[in-house]
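Trainee: I'd like to learn how to read a model like this one, feature by feature. Where do we start?

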Amino acid sequence: MSRVIGIDLGTTNSCVSIIDGGKPVVIPNTGGYKTSPSMFAISQDGKRLVGHLAKRQAITNAVNTVSSSKRLIGRRFDSPELKRASEYFSYSIVRGENDDARIEIAGKTFTCPEIAGIIVREMKRVAEEYLGEPVTDCVITVPAYFNDTQRQCTKDAGRIAGLEVLRIINEPTAAALAYGLGRDREEKIAVYDLGGGTFDISILELGDGVVEVLATAGNTFLGGEDFDRRLAQHILHEFKNAEGIDLSGDLMAMQRIKDAAEKAKCDLSSLNTTEINLPFIANDAEGARHLNLEVSRETLESLVVDIVKGTLKSVEQCVADAGLTPADIDHIVLVGGQTRMPMVQASVSEFFGKRPHKGVNPDEVVAMGAAIQGSVLASDDRDMLLLDVTPFSLGIATFDGHFAKLIERNTTVPARKSHIFTTTRDDQSAVKIRVLQGDSNVASDNHLLGEFVLADIPQAPKGVPEIEVAFDIDANGIVSVSARDLATGKEQSITVNATGTLSEEEIERIIRENESYDLPTAGK
Amino acid sequence: MPDQEQKPQLSSSWDPSDSRLTPAEGFLLSRIDGQTPLEELRLIGGLPPEEVDRCLERWVSAGIVVFEDSGPSGDSEATELERGESTGDGADGYEAGTDLSREEQQRILEFEASLGRSYHALLGVDLNADTRAIKRAYFKLSREFHPDRHFGRELGSFAQRLDTIFMKIVEAYELLSDPATRAEVERSMNQEPPRQLPPDPASEVVGRPGAPIGRAVDSKRAALDRLRRHFRIPEEILVERRFRAKQFHQTAMVCSRRGNWKEAGASIRLAIAFDPWNDEYKRSFAQVQAQVHQVRAAELLTEANASLDARAQQDAMRLYEEALSYRPCDPEINAKAALLALTLGEFDSAREYAEAAIGAKPDCAEHHRTLGKILRQMGLKEKARTALNKSLSIDPDDAETKSELSKLIRTRSVR
């Protein structure tokens, strides 16, 4: 087996790592950057661009540039999160065949796994260039709070990129692996992961070469980009007040403001004030207008204080789920670029009553953890073992619309539970079973993974037939379900194939299509 | 694979005494009577249908099972040859085509066969272990049995076994790490006969890992009972089955008289598989199993070169505990466990074992002496003296007891 790469497929940036001489090493791209923007574009002359190349032309080609597609992956077109997202995305989102969200740029429609696949392929290329040999296997990270559909889609992305995905692991868990490598003390740690588009908190216990996830919580629709957007709105608002011009309809101006907001936010992590200068942002009868604005750290903090407070609610729940109190936590590990913000650090320190650990790079640690897990799985040197949990409860909808939990959230995977079901009418010949993931007692509030029908039940009075339904969650967090009629032994195995995931044929088609594109090198 | 209508039967040339089966496999084997078609076996075999197919395939190639009218006699030679190659691979659970070493396979098979133990025994912790010890045991076993340990390796049927074992370990850990559920577990342990017997093949099917405790298990049990009634085995076959079981049991008794405990255990397992309703076999099994553990503990101790290797001693201790879980009142095992615990410095448990030994065999001087030794080292001088005197009253000439007594007096006079 060739060496396994670890890929942190982020909302804003992606990163790839490999184990070299027993230690994880982050691989720089040809431009020398250790992370690449998770962006994809089709240029005016029809070329496909990825990473830094795509980002660089985003201002002039916003409509045909895809960014933050991770926010859409595995989501239904009708979901409320998607509605919110489409308001501020510059590219158009369309309904796919399975009610999934797809992306349309340059007159062509892409599925989200396909876009993710293009980015994974770029990371694969970066690794191959560095290693000078082909790479076939990888471990990809996902937010801990990704549901089954989102995980399936990420796995498909790996396949589209021509990689065997040995394992999907959770980002905070990966960070803990990187943190725990070479430490042999027993300790409990909290990983606070605020990335570009998602927020995760996990509580883990380390000891004896085992990394055990005790609990995990989070929000897959909250991240650093929300900070950018708040700041961009602020800039827009200030400009309108000063000049009386509303720039929100001007795509190119908006893209410039977005970029400037992101840069200002980063600057404010080390400076107390920063200046935003965008010359020639608009034109009207009186001539060219320039945007000139000073932003202070306090202003930024007042714009996002509710988001930061919101993350602490998840932290509180997670600590309670782990059966602990904040004082039980020995170390706090911060992951994701947004944790560089002083207010985030201060809030987390205040909650736990101790300062966060300083030894890891928040942008690179996740990819490093993925590489570690890859080497643990692929080599015979199996010093570390990861015991991960499922982030959501898994269960089925009952006939009265309630949600019957079968596997509780934070159960160690792999897990299997079975349950006996029966009919509700005399001589009922089929039972429809809807599999859901979530934690609401009302079935319709949870995420529908899929449904299947167990047919050919022998005629019997209601309540007599006994159908055993077994639910499996594998080490990737991916669910499969099988049902068996106990009286006849008739068995039915179902891979839960829900809205939002691709069929086998679609994946094969995409793989074929993509083979014909030779992507120009990014990052030069 | 043969036609669904075909009826497999046990080969007449097969000598059952040299094969080892898991209880579940034994149960399946016991359903093969030459009258049940394959199609039906897949339903009533107590295993998932694919597993049934796999077992049958293995048994056919090992010559244990033949399908009626399975070809002309010219074939039988080929079967014989194949059988010669793969004996020891199929029926006893070992598999040749995997990346696992024979030792690894053995460890997995043994652990799987003992999943019916109490949760404490499963994790290898004592009844009053603290949460830290439970967690350590859980981590240790996870490192050994988590499916990731063998990721990417060819595992054959062992993939499923590892999954089953790991999930059972998680179940044990989850129940014992939460004080509320742990209290519940310990309460229910006290209500049952002191220690659990190994599961009989039927309950193995019911107690599939991950089954919710309580109601769901009950309804499963009911469903299985109904199934079993539905597919009731004809009386004449039952008679034959019982006869076979008896033969196995006799083989086992012969083996155990010769001191060949492992073989005896295997034979009794088969006897139980053929006649799961016979309690005598289960009792014999428990006895033999205790012996197996005792023998292995003794082997381990010799291997460990007496007192130097503490780890081997710990292992031996665990084996004694396991042996005791089958025969809690055996004076000999208790006495040995007491001495070993004493060497390990675990005085409290040493005392418990010694007292248990005396309880089982009150007129053995040696046991009282051991207890006296333990009590002396615990600093309970009065009690130690009573025990040693008791020992002397049974055997007045025992030099070791006398020297123990004099030690006791010496320490007293020093003070």
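Mentor: Let's begin with pairing: two strands pair if DSSP finds at least two bridges between them. Helices (H or I, at least four residues) and strands (E, at least two) are DSSP runs, numbered from the N terminus. Keep in mind that this is a predicted model, where local features need pLDDT of at least 70, side-chain atom pairs count only at pLDDT 80 or more, and totals for chains, interfaces and linings use all residues. Residues are numbered from 1 along each chain as its sequence is written, while chains are lettered from A and ligands numbered from 1 in the order in which they are written.

Trainee: Then which residue is the bridge partner of Ile93(A) in β9(A)?

Mentor: Ile103(A). That bridge belongs to the antiparallel pairing of β8(A) with β9 (residues 101–105) of chain A, which runs over 4 bridges.

Trainee: In what order do the strands of that sheet come?

Mentor: The order is β8-β9-β10 in chain A, an open sheet of 3 strands with antiparallel pairing. β8 (92–95) and β10 (108–111) of chain A are at the edges with a single partner strand each, so one side of each has no neighbour in the sheet. From one strand to the next, the twist averages 40°. For angles, axes are lines fitted to C-alpha atoms (for helices, over the stretch in contact), and values run from 0 to 180 degrees between N-to-C directions.

Trainee: Which helix lies across β9 and β10 of chain A?

Mentor: Helix α3 (residues 112–131) of chain A, running at about 80° to β10(A).

Trainee: What about the sheet with β5 in chain A?

Mentor: There, 3 strands form an open, antiparallel sheet in the order β6-β5-β7. Its edge strands are β6 (48–50) and β7 (65–66) of chain A, each pairing on one side only. β5 (residues 40–42) of chain A pairs with β6(A) over 3 bridges, and Phe40(A) stands opposite Val50(A) in β6(A).

Trainee: And how many residues sit between β16(A) and β17(A) in their hairpin?

Mentor: 2 residues. The two strands, β16(A) and β17 (residues 287–296) of chain A, pair in the antiparallel sense over 9 bridges. One bridge joins Thr274(A) to Val295(A) in β17(A).

Trainee: Now helix pairs. What should I look at in α6(A) and α8(A)?

Mentor: Start with the angle classes: under 35 degrees is roughly parallel, over 145 roughly antiparallel, 65 to 115 roughly perpendicular, and the rest oblique. The axes of α6 (residues 224–243) and α8 (residues 297–321) of chain A come within 10 Å and cross at roughly 135°. These helices are therefore oblique to each other.

Trainee: Which residues of α6(A) and α8(A) meet?

Mentor: A contact means that two C-beta atoms, placed from the backbone, lie within 7 Å. Among those meeting are Phe227(A) and Leu231(A) from α6(A), with Leu303(A) and Ile307(A) from α8(A).

Trainee: At what angle do α7(B) and α8(B) cross?

Mentor: Roughly 170°, with the axes of α7 (residues 131–145) and α8 (residues 158–177) of chain B coming within 10 Å. They are therefore roughly antiparallel. The contact includes Ile134(B) and Tyr138(B) of α7(B), and Phe166(B) and Ile169(B) of α8(B).

Trainee: Where is Gly345(B) found?

Mentor: In the loop between α16 (331–344) and α17 (347–360) of chain B. Gly345(B) is exposed, with 9 other C-beta atoms within 10 Å. Gly345(B) and Ile374(B) are 29 residues apart in sequence, yet 9.5 Å apart in space, C-alpha to C-alpha.

Trainee: How do I summarise whole chains?

Mentor: Chain A comes to 11 helices and 27 strands, and 50% of its 524 residues count as buried. Chain B has 20 helices and 2 strands, with 39% of its 415 residues buried.

Notes. A residue is buried if 20 or more other C-beta atoms lie within 10 Å of its own, exposed if 12 or fewer, and partly exposed in between; C-beta atoms are placed from the backbone.
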